[in-house]
Amino acid sequence: MSQRTNEVRESFLLAIASVATVDELEKLRVEYIGKKGLVTDLMKAMKDIPNEEKKSFGQAVNALKTEVEGLITEKREELKKKEIELENAAMPEFDVSTPADLKRGSYHPITLVQRQCEDIFRSMGFAVEDYSEIVTDYECFEALNIPKDHPARDMQDTYYLENGQLLKSHTSAAQNAIYKKYKDALINEGKPIKAIFPGRCFRNEATDACHENTFFQMEGVMVDKDISISNLIFFMKTMLSEVFRKDIKVRLRPGFFPFVEPGFELDISCLICGGEGCPSCKHSGWLELCPCGMIHPEVLKAGGIDPEEYTGFAFGLGLTRLAMMKYGVKDIRDLNSGSLKVLDQFTDDN
Ligand code: FA5
């Protein structure tokens with residue numbers, strides 16, 4: 001029987017020498033020390049060995065099993081090491097000490113212009129408020145003196161949710177909430193309401209060089225005793241001269257909005273064509289930028305403010321168009337394009 005042990009050993013040593021992969025090694029392991037393996041069979045044969053030979057046979061088979069297990073473990077480590085070396089050789093060179101090729105991001109031009117406007121108005125004592133993009137019909141229209149079926153709604157068709165709420169078509173949708181938030185301080189402590197609230201607006205709009213279906217506005221309101229159109233003009237002028245830091249031609253013309261009385265359109269001379277007329281200003285030389293007016297008494301009432309005692313102004317600045325004019329962007333759609341070629345050009349310093 002010890003001859004059989006030697007045969008099994010010899011054949012194993014021969015086989016393991018030619019094993020080249022971990023899979024092949026596993027097959028060899030099963031062939032020799034698996035449940036039905038050659039070494040296992042030798043151990044099973046122990047019971048048929050005459051008693052006087054049992055001890056030496058047992059020692060020989062155990063020694064063989066230990067040797068086989070040891071050699072398999074050794075070979076497995078050797079093969080794994082080789083596999084790792086091969087994988088590493090196939091990997092591209094990677095030097096952790098090489099400086100990263102990181103491009104610095106930049107703020108979106110609308111963010112830049114919004115922050116600038118916020119700073120200007122903060123310095124004039126205005127609070128900066130944020131408001132939801134999803135609003136109720138009451139906030140967007142009813143509270144602004146635009147009842148159901150009013151033709152002014154046609155100009156501001158927007159996206160409606162199944163629950164009847166809608167994506168706000170103008171930042172004026174926050175006016176009612178702002179009045180309600182600050183009215184007690186106005187009435188009880190005599191603190192004027194001074195707030196701006198920038199935000200994203202949505203409209204069902206045929207897009208062109210100066211119209212987008214998603215754009216930004218910045219609403220501003222001031223309510224106190226004896227607020228007049230002169231206050232409105234002062235704040236508009238201050239804001240525009242600070243934003244552009246150069247002389248800008250503006251014009252004020254009558255405009256109709258159900259939530260102001262009187263209402264105005266504040267246009268600026270197109271800075272893309274210098275007032276000559278181009279697609280950015282619909283060939284008129286002027287760009288509608290900031291409608292405004294004196295807050296309608298019904299709107300103050302809806303906000304809990306007595307229009308007999310208080311007056312106020314409101315404006316709705318087109319922030320996206322302001323960014324176009326400030327940075328000379330000819331087509332408004334470039335601002336929503338996400339194109340890095342466009343956006344890379346802007347920095348805080350512009
Ligand atoms: C309004 O949205 C009024 N809520 C503004 C207002 C507020 C008037 C307070 C009086 C008092 P209008 O629809 O004109 O008005 O939009 C205001 C400004 O937003 C426009 O002058 C323009 O600069 C910008 N704007 C309007 N529609 C678009 C659009 N589709 N794409 C880009 N900018 C737009």
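Me: In this predicted model, where buried means under 20% relative accessible area, is C201 buried or exposed?
Reply: The cut-off for a buried residue is under 20% relative accessible area. C201 has a relative accessibility of 0%, and therefore C201 counts as buried.

Me: How many disulfides does the model contain?
Reply: A disulfide requires two cysteine sulfur atoms within 2.5 Å. For C201 the closest cysteine sulfur, in C140, is 8.5 Å away, which is too far for a bond. C117, which is likewise in no disulfide, has its nearest cysteine sulfur, that of C290, at 9.3 Å. By this rule the count of disulfides is zero.

Me: Which element gives the largest share of the largest nonpolar core?
Reply: This core has 49 residues, and the members that touch the most others are F313, F315, L317 and L322. Elements giving two or more residues to the core include α5 (109-123), β5 (214-224), α8 (229-244) and β10 (311-318). The largest share, seven residues, comes from α8.

Me: Which residues of another core, apart from the largest one, can be named?
Reply: In the largest core, F313 is one of the members touching the most others, and beyond its neighbours within four places in sequence F313 is in contact with residues including F126, V221, L232, F235 and M294. Apart from that core lies another, of 26 residues, among them V135, L186, I295 and A314.

Me: Which residues does K75 touch, leaving out those up to four places away in sequence?
Reply: K75 has its place in helix α4 (residues 51-90). With a relative accessible area of 13%, K75 falls under the 20% limit and is therefore buried. Not counting residues up to four places away in sequence, K75 touches I16, A17, V19 and L25.

Me: How far apart do the C-alpha centres of domain 1 and domain 2 lie?
Reply: The domain assignment of the chain gives domain 1 as residues 2-90 and domain 2 as residues 109-343. The C-alpha centres of these two domains are separated by 84 Å.

Me: Which lining residues lie nearest the centre of the largest pocket?
Reply: The largest pocket has a volume of about 1,000 Å³. Elements that each supply at least two residues of its lining include β6 (250-254), β8 (286-288) and α10. Of the 44 lining residues, those nearest the centre are R203, F257, E265, E288 and P291.

Key:
Residues are numbered from 1 along each chain as its sequence is written. This is a predicted model: local features need pLDDT of at least 70, side-chain atom pairs count only at pLDDT 80 or more; totals for chains, interfaces and linings use all residues. Side-chain values use heavy atoms; hydrogens and water are left out. A nonpolar core is a set of buried Ala, Val, Leu, Ile, Met, Phe, Trp, Tyr and Cys residues joined through side-chain atoms within 4.5 Å. Buried means under 20% relative accessible area, exposed over 50%, partly exposed in between (1.4 Å probe, protein chains only). Helices (H or I, at least four residues) and strands (E, at least two) are DSSP runs, numbered from the N terminus. Contact means heavy atoms within 4.5 Å. Domain bounds come from an automatic or database domain assignment. On a 1 Å grid over the protein atoms alone, a cavity is a set of points where a 1.4 Å probe fits but cannot get out, and a pocket is an open set with protein on both sides within 12 Å along at least five of seven lines; lining residues have an atom within 4 Å of a point. Grid points are joined across faces, edges and corners, and a volume is the space filled by probe spheres set on the points.
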